[in-house]
There are 2 protein chains.
Amino acid sequence: MLNVTVIGSGNVASHLIKAITFARGIILKQVMSRRPESLKDILNISDIVTSVADLKDADIYIIAVSDNAIEEVSALLPFTGRLVVHTSGATPMQILNRKNRRGVFYPLQTFSKLRNIDFLQVPLCLEAENAEDYVLLQQLAGALSHTIHNVTSQQRKSLHVAAVFACNFANHMYTLGSMICNDENLPFDILKPLIQETAAKVKELTPVQAQTGPGVRHDDKTISSHLYYLEDDNLKAVYKLLTQSIQHIHG
Amino acid sequence: MLNVTVIGSGNVASHLIKAITFARGIILKQVMSRRPESLKDILNISDIVTSVADLKDADIYIIAVSDNAIEEVSALLPFTGRLVVHTSGATPMQILNRKNRRGVFYPLQTFSKLRNIDFLQVPLCLEAENAEDYVLLQQLAGALSHTIHNVTSQQRKSLHVAAVFACNFANHMYTLGSMICNDENLPFDILKPLIQETAAKVKELTPVQAQTGPGVRHDDKTISSHLYYLEDDNLKAVYKLLTQSIQHIHG
């Protein structure tokens with residue numbers, strides 16, 4: 001059995017806590033948070049410790065706090081030589097205080113407190129300073145998810161940037177689409193099947209194969225009429241640059 | 001029973017033909033195409049007529065050809081006073097030759113010959129010059145799909161622009177994400193659960209609520225480090241403009 005302690009109470013921490021609770025072979029040893037009430041939907045508040053002084057022995061400590069708090073929290077831990085990992089895509093492993101053995105346990109997914117996630121489908125990107133610790137992280141990851149990747153800090157950085165495009169920017173395209181509908185009193189619902197199918201397509205096709213639309217067809221007549229239609233400067237600028245980018249990539 | 005004739009052999013025509021074949025209360029009267037061999041997977045080539053002279057009486061003629069051929073095809077039809085519709089999002093109803101009764105039957109979806117579509121889930125956007133013809137289109141649409149919208153030419157134009165954002169540009173974000181992964185020898189597969197979840201989220205949340213990432217958080221440290229990481233000018237320009245656009249919308 002592997003004893004795991006989670007530090008944090010945000011989106012990643014709470015999804016992780018739920019997943020660990022249901023995983024076989026993993027014991028949720030402790031949860032530490034300075035704001036225990038934000039976990040009240042998934043744990044008894046009395047079970048949550050609020051001070052590092054109360055942390056007991058565990059095989060793995062997972063620091064799932066905001067990126068800029070990781071360094072400080074890892075420095076505050078009152079023990080040495082134990083395995084401490086963070087869950088951040090954007091942060092190098094080396095930011096963790098070197099008094100402990102270091103690693104990374106990065107779940108590549110977009111988490112909202114409002115939505116349940118099937119954690120088994122979440123790709124887990126692992127890194128560790130030494131091989132024995134990597135094996136421990138693998139054991140934990142294997143109990144939580146079907147997909148595990150050995151990812152260096154440099155690769156994780158690129159993944160984090162790629163995720164901004166594939167998730168944050170893609171979602172922003174939904175926002176701009178919904179605003180355009182809104183202006184003509186059309187419900188956003190009308191776009192939903194299109195959005196779902198666009199995402200479903202790239203399960204089978206590469207996104208390059210799946211690309212459709214006036215940009216990739218070099219349909220200048222439609223592009224001009226769309227730009228003429230868009231009065232808002234921001235929408236116009238985005239439409240222009242992304243059409244240019246599509247033609248730059250596809251030729 | 002409603003007799004429907006389809007003219008065309010592209011993506012929209014072939015998905016429409018399949019859907020009509022399985023619909024109750026609708027008879028696929030004829031299919032006309034100048035390139036019948038491109039429909040050989042779904043019809044006997046001998047059943048496809050290749051000349052407008054061979055077109056028989058039907059209740060509705062659906063012209064599902066490329067946008068710039070609609071006008072010409074509608075003018076070539078050797079009859080008058082019948083109901084003729086096109087399937088284009090970008091084209092006004094008025095482009096159809098006025099010798100026939102005119103309408104639009106626009107399926108708002110991204111079609112690829114390689115992928116099957118559940119046509120019942122495709123929003124159908126209808127327009128007709130007169131109320132009786134609108135009822136006929138509703139009857140056809142109701143047999144093919146669960147979702148029907150009465151959409152004017154002006155609204156359809158805005159929908160088409162919105163679809164470029166929500167579909168074509170969103171897919172391009174997947175492409176750019178996959179290129180970034182590629183550069184670090186990471187498989188595109190690693191992004192797929194994220195892409196699916198990003199799309200699934202907006203079934204329940206508005207895209208404004210669903211927005212995450214360094215842009216909406218005004219996390220300048222991460223934004224700078226991502227821009228520093230991106231060496232390619234095109235990727236850098238897209239990252240900058242879309243971060244700016246997110247902050248413009250979300251404040």
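Mentor: Two residues are in contact if their C-beta atoms, placed from the backbone, lie within 7 Å. This is a predicted model, in which local features need pLDDT of at least 70 and side-chain atom pairs count only at pLDDT 80 or more, while totals for chains, interfaces and linings use all residues. Residues are numbered from 1 along each chain as its sequence is written, and chains are lettered from A in the order in which they are written.

Trainee: What makes the copies meet through the same surface?

Mentor: The contact takes 78 residues from chain A and 78 residues from chain B, and 100% of the interface residues of chain A are also interface residues in chain B, so the copies meet through the same surface.

Trainee: Which helix gives the most to the side of chain A that touches chain B?

Mentor: With helices taken as DSSP runs (H or I, at least four residues) numbered from the N terminus, H4(A) gives the most, with 26 residues. A:Ala166 touches, across the contact, B:Met173, B:Tyr174 and B:Leu191, among others.

Trainee: Why are the two copies said to be related as by a two-fold rotation axis?

Mentor: When copies are superposed by least squares on the C-alpha atoms of residues with pLDDT of at least 70 in both, chain A can be laid on chain B with an RMSD of 0.0 Å by a turn of 180° and a shift of 0.0 Å along the axis. The two copies are therefore related as by a two-fold rotation axis. Of the residues of chain A, A:Ala170 comes closest to that axis, its C-alpha lying at 2.3 Å.

Definitions and conventions
Helices (H or I, at least four residues) and strands (E, at least two) are DSSP runs, numbered from the N terminus. Lists of a residue's contacts leave out its neighbours within four places in sequence.
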